[in-house]
Structure formats: structure tokens, C-alpha cells
Amino acid sequence: MIVKRVRKVIMAGALCLAMIVSMLPVTYVKADMGGWTTGADGVMTITGTSITVREFYGNLYIEGTGAIPDYSPTTYTMRPWHYLDIHTVTIGPGITEIGSFAFADKTTIKKVNIPASTFVKDNTSFANVNS
């Protein structure tokens, strides 16, 4: 009887701790990438920039000011959106440049909205994307 009660108390404490930890912001940092942070609201901010990234039902919204960083074939798994299943990308008017390999190999992308003022750095920015 006492053992069952102790188990219940331990399990309840573990669940409470898991809930608290899941609400904390998570920071991903890679020295050569800059990384990003994810707030409790799910909005990602690319470290060292004012660029925010939101995903909503397969739609990716990138807003703020400045350039989306360069990535490479060995580092693009560190993109904030790399593991998201996205179909549409909308780049805000304050984004000045889309870096190398920024969306490379994101084959689920079907539509991209880019302002005329945004510079696409090179043909690797959207390599293997059929939008």
C-alpha cells in the first residue's frame, strides 16, 4: 500500500517536472551557424538577427529585418525549418537576402512568396525545390 502511494507521488512529480520543462524556451546553437531559439509560443528567432520564423499548418512565415544566413550541405540540418513539413514559404519585406542552401532539398515546398526587394544569393538557396 505504501509502495503504491510512493510510486504515485513520484510519477505525479515526474509529470509535473516534464510539463514545466516542456514550457521553457529551447536554444539550439552551432558555432558556425549562429543557431536559433524557440520561444514558448513556438516562434523561432535566428540568433544574432531580428528574423523570426513561424510555422502554421505547413505554411512558413519568415519576418523581421536582415539576411537569412548561409548554410551548407553539412550544416543545413541546423536550419530552424529543416525538420518541418512545409508547403508554402512566405518571406517578409524586411528580409534582404536568402542565403546559400537556406531551403535546399525541402522537396515538400510547393509555393514560395518572395518580395521583389529580397536578393536570392545563388542557385543553391532553393536547390531541389520544385515550386
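Is Ile2 buried or exposed? In this predicted model, Ile2 is exposed, because its relative accessible area is 67%, above the 50% cut-off for that class. Let's start from this residue and then walk through the strands.

**The surface of helix α1**

Ile2 lies in helix α1, which covers residues 2-22. Together with Val6 and Ile10, Ile2 makes up a nonpolar surface patch. The accessible area of these three residues together is about 320 Å².

A patch of positive charge is found on the surface too, made by Lys4, Arg5, Arg7 and Lys8. Of these, Lys8 has its place in helix α1. Lys8 counts as exposed because its relative accessible area is 63%, and the class begins over 50%.

**Strand pairings**

Strands of a sheet pair through backbone hydrogen bonds, in either a parallel or an antiparallel sense. Both senses turn up here, as the table shows.

| Strand pair | Sense | Bridges |
|---|---|---|
| β3 (residues 44-46) and β4 (residues 52-56) | antiparallel | two bridges |
| β4 and β5 | antiparallel | five bridges |
| β5 (residues 59-63) and β7 (residues 88-91) | parallel | four bridges |
| β7 and β9 (residues 111-113) | parallel | three bridges |
| β6 and β8 (residues 95-98) | parallel | three bridges |

**Two hairpins**

The hairpin of β3 and β4 leaves five residues between its strands. In its turn, Gly48 has a positive phi of about 85°. Across this pairing, Met44 has Val53 in β4 as its bridge partner.

Strand β4 also takes part in a hairpin with β5, where two residues sit between the strands. Here Tyr57 adopts a positive phi near 50°. The bridge partner of Thr52 is Glu63 in β5.

Strand β7 is joined in turn to β9, with Thr88 standing opposite Lys111 in β9.

**The open sheet**

How many strands does the open sheet with the order β6-β8-β10 have? That sheet has three strands, and their pairing is parallel. Strands β6 (66-68) and β10 (119-120) form the edges, each pairing on one side only. In the pairing of β6 with β8, Ile68 stands opposite Ile98 in β8.

How values were computed:
Residues numbered from 1 in each chain as written. Predicted model: local features only at pLDDT ≥ 70, side-chain atom pairs only at ≥ 80, totals over all residues. Heavy atoms only, no water. Pairing = 2+ DSSP bridges. Patch = residues over 30% accessible without salt bridge, like charges linked within 9 Å, V, L, I, M, F, W, Y side chains within 5 Å. Areas by Shrake-Rupley, 256 points an atom, 1.4 Å probe, with all protein chains shown as cover. Salt bridge = Lys/Arg side-chain N within 4 Å of Asp/Glu carboxyl O. Lys, Arg positive; Asp, Glu negative; His and termini not counted. Charge placed at Lys NZ, Arg CZ, Asp CG, Glu CD. Buried < 20%, exposed > 50% of the residue type's maximum accessible area, 1.4 Å probe, protein only.
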